[in-house]
Amino acid sequence: MSSPSEPAEPARAPTGVIHDLGYRPYAGPRLGERAVAWSFFLTGLRNTFGLGRSGRSKVLPMGLFGVMLLPALILVGVLVQAKDLLGLDAQIVPYSTYPLTTQLLISVFVAAQAPVLISRDLRFRTITLYLARPMRRTVYVLVRLASLAAGTFVLIASPLLLMYAGGLLADLPVGRETTRFFGAVVGAALLAVLLAGLAALVSALTVRRGMAVAAVIVVLLVSYTVVASIQGISVATGNETVGEVAGIFSPYTLVNGVQHYLFDSPRATPAPPSSDAMGLLYVAAVVVMAGGSVVALIARYRRVSP
Amino acid sequence: MAVIETAGLTKQYPSVTALDHLDVEIGEGITGLVGANGAGKSTLIKILLGLVGATSGSARVLGHDVATEGPEIRALVGYMPEHDCLPADVSASDLVVHLGQMSGLPYAAARERAADVLRHVGLAEERYRPMGGYSTGMKQRAKLAQALVHDPRLVLLDEPTNGLDPSSRDDMLALVQKVGHEFGIAVLVTSHLLGELERVSDHVVVLDSGRLLRASATTEFLHATGSLIVEVQGRPDADRLLGQALVDAGLTARPAEGQLIEVVVADERTPDVVRDLTVDLGLGLVRMQERHQRIEDVFREGGAGSVQPV
């Protein structure tokens with residue numbers, strides 16, 4: 001808007017005319033189920049980091065992402081600068097241990113972002129608008145879960161990538177680092193799927209956002225604390241098997257155990273699986289837990305009335 | 001071609017029969033779906049979208065079977081739900097663009113279409129604000145916009161005027177009329193308020209307890225009843241004077257609501273007789289019009305339950 005003090009427009013009459021085009025039908029291309037699901041996935045992934053949402057909702061996920069990278073950055077700095085001084089020939093903190101060390105950040109991230117993707121549509125009943133569109137109900141559930149898992153994976157794997165790059169810069173053996181990094185990335189993917197599945201399920205059951213956040217944090221932290229205590233006691237008292245079985249009941253110790261068993265990663269828990277049978281049990285537990293949360297989530301959404 | 005056709009459509013919930021062997025055919029233009037709360041309107045819409053399975057019977061929407069071709073139908077149909085369904089922390093613009101993409105539009109096209117439909121429904125600058133702060137009228141407009149963003153061939157509007165004040169209701173009805181007549185999109189609009197549908201729809205389908213009570217053109221509902229409504233003034237007892245004069249002239253006349261007189265039309269000269277008698281009595285003729293039946297009269301005849309006339 002121009003202020004009154006500004007000089008008047010030149011006397012030349014305006015030449016542009018605004019036409020009311022009326023309603024224009026759409027004759028352009030319409031994308032298929034896959035393209036729609038992909039676009040839905042990308043929107044969900046962006047939303048987990050607050051992108052495409054209000055400025056306030058970027059603070060927590062972006063902050064956590066930054067804090068998550070910070071220790072890796074310091075470790076890389078020390079490794080590159082003081083490798084010879086300290087006589088280091090491997091990563092200061094193993095890749096597979098990093099997610100366990102930073103698990104509080106990961107848990108808070110998943111707990112805060114799962115309701116954004118899952119509870120929001122249920123609470124505002126926006127889900128009706130999705131169901132009234134071509135996407136099938138099951139695809140909706142799977143894509144939402146995939147967005148959350150991918151967001152969590154980015155959070156867990158980014159510092160590992162930073163450490164890997166730092167390791168190569170510091171002239172650590174390339175072959176060995178690559179193998180370890182690969183195992184850690186698989187572990188990060190498994191952990192992301194497990195955490196996303198659990199958090200999504202809890203969020204879908206508790207529609208209120210605050211409740212969902214608290215419930216997810218409680219489930220993840222309490223399960224880890226209990227498992228870690230049992231493992232500590234069992235190792236101290238010589239009953240390792242009890243500790244190994246207990247490790248199944250927290251996603252963090254479970255995935256770490258799988259990494260130890262499959263990729264021979266350094267142990268980060270007192271009682272990783274020590275036998276083939278226990279290792280296979282761990283792998284089976286991952287499959288059951290991931291599959292179970294997907295099945296339960298789909299069952300939950302079947303009861304959502306449009 | 002019929003836009004919607006159902007044959008023996010039945011939906012049985014554990015404790016209630018929502019639809020009972022419904023046979024109905026709905027064409028282009030605006031069709032009003034009338035019925036009391038619980039008459040089965042929303043259930044019918046959900047079945048037509050392929051979201052709820054029918055217990056028995058069949059239905060086709062735009063030539064697609066609702067039981068097997070739900071996704072195809074939902075790509076061609078827009079749906080405006082009755083209940084609140086807008087996230088509070090998203091702007092109307094963002095939501096409509098996103099839902100356009102979810103209906104298969106590429107991003108650029110979805111943005112253009114969203115801007116277009118938001119303009120058509122009358123959301124201007126406020127489209128960039130989070131919808132949590134919207135009035136009911138603005139929310140209804142946003143809900144309508146998301147139903148139109150993918151240029152559907154049919155829109156199902158479930159109680160679009162619910163919760164609106166009289167002037168917003170008029171605006172919404174004008175929008176519904178615009179969608180049906182200017183945009184050329186077939187409209188099925190439900191309401192439990194009869195007067196609304198009388199004004200905007202070309203056809204009316206009346207549901208009662210899941211059964212079809214009547215389906216026909218709105219004009220047939222509103223056919224002339226064969227009598228005139230006359231209003232005169234000039235003296236306090238003007239209506240009684242004229243009424244007596246009409247009866248003396250051999251016409252059938254009776255007092256109608258208020259100060260009005262209802263005159264049965266005997267032949268084409270009847271209006272002239274009314275006019276001349278009014279002049280003879282020195283009264284002023286305020287109005288003389290054909291009396292039309294209203295949709296709610298159909299309900300009285302049909303014995304339908306608790307439908308609220310406006």
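The domain assignment of chain B, which is automatic or taken from a database, gives domain 1 (4-221) and domain 2 (225-292). The centres of domain 1 of chain B and domain 2 of chain B, taken over C-alpha atoms, are separated by 44 Å. Residues are numbered from 1 along each chain as its sequence is written, and chains are lettered from A and ligands numbered from 1 in the order in which they are written. The model is predicted: local features need pLDDT of at least 70, side-chain atom pairs count only at pLDDT 80 or more, and totals for chains, interfaces and linings use all residues.

The predictor gives the complex an ipTM of 0.86 and a pTM of 0.83. Confidence in each residue is expressed as pLDDT, from 0 to 100. Chain A averages a pLDDT of 90, and 93% of its residues score at least 70. Elements are DSSP runs numbered from the N terminus, namely helices (H or I, at least four residues) and strands (E, at least two). In chain A, helix H7 (residues 137-169) has the highest confidence, at 96, and helix H5 (residues 119-123) the lowest, at a mean of 90.

In chain B, confidence is highest in strand S7 (residues 154-157), at 97, and lowest in helix H11 (residues 295-302), at a mean of 60. For residues 303-310 of chain B the pLDDT is below 50, and the stretch has 20 contacts beyond near neighbours in sequence.

Between the chains, 28 residues of chain A are in contact with 31 residues of chain B. On the side of chain A that touches chain B, the elements giving two or more residues are H1 and helix H6 (127-131). The residues of this side divide into 15 nonpolar, 7 polar and 6 charged, where Ala, Val, Leu, Ile, Met, Phe, Trp, Tyr, Cys and Pro count as nonpolar, Asp, Glu, Lys and Arg as charged, and the others, Gly among them, as polar.

Helix packing was examined next. In chain A, the axes of helix H1 (residues 33-48) and H7(A) come within 8 Å and cross at roughly 40°. Axes are lines fitted to C-alpha atoms, for helices over the stretch in contact, and angles run from 0 to 180 degrees between N-to-C directions. H1(A) and H7(A) are therefore oblique to each other; angles under 35 degrees count as roughly parallel, over 145 as roughly antiparallel, 65 to 115 as roughly perpendicular and the rest as oblique. Residues in this contact include A:Phe40 and A:Phe41 of H1(A) and A:Val143 and A:Arg144 of H7(A). The contact of H1(A) with H7(A) comprises 9 nonpolar, 4 polar and 1 charged residues.

H7(A) also packs against helix H12 (residues 276-302) of chain A, at an angle of about 130° and with the axes 10 Å apart. H7(A) and H12(A) are therefore oblique to each other. In this contact A:Arg137, A:Thr138, A:Val141 and A:Leu145 of H7(A) meet A:Val294, A:Leu297, A:Ile298 and A:Tyr301 of H12(A).

In chain B, helix H3 (residues 92-102) and helix H5 (residues 136-148) pack at about 25°, with their axes 9 Å apart, which makes H3(B) roughly parallel to H5(B).

Conventions: pLDDT is the predictor's confidence in each residue, from 0 to 100. Two residues are in contact if their C-beta atoms, placed from the backbone, lie within 7 Å.
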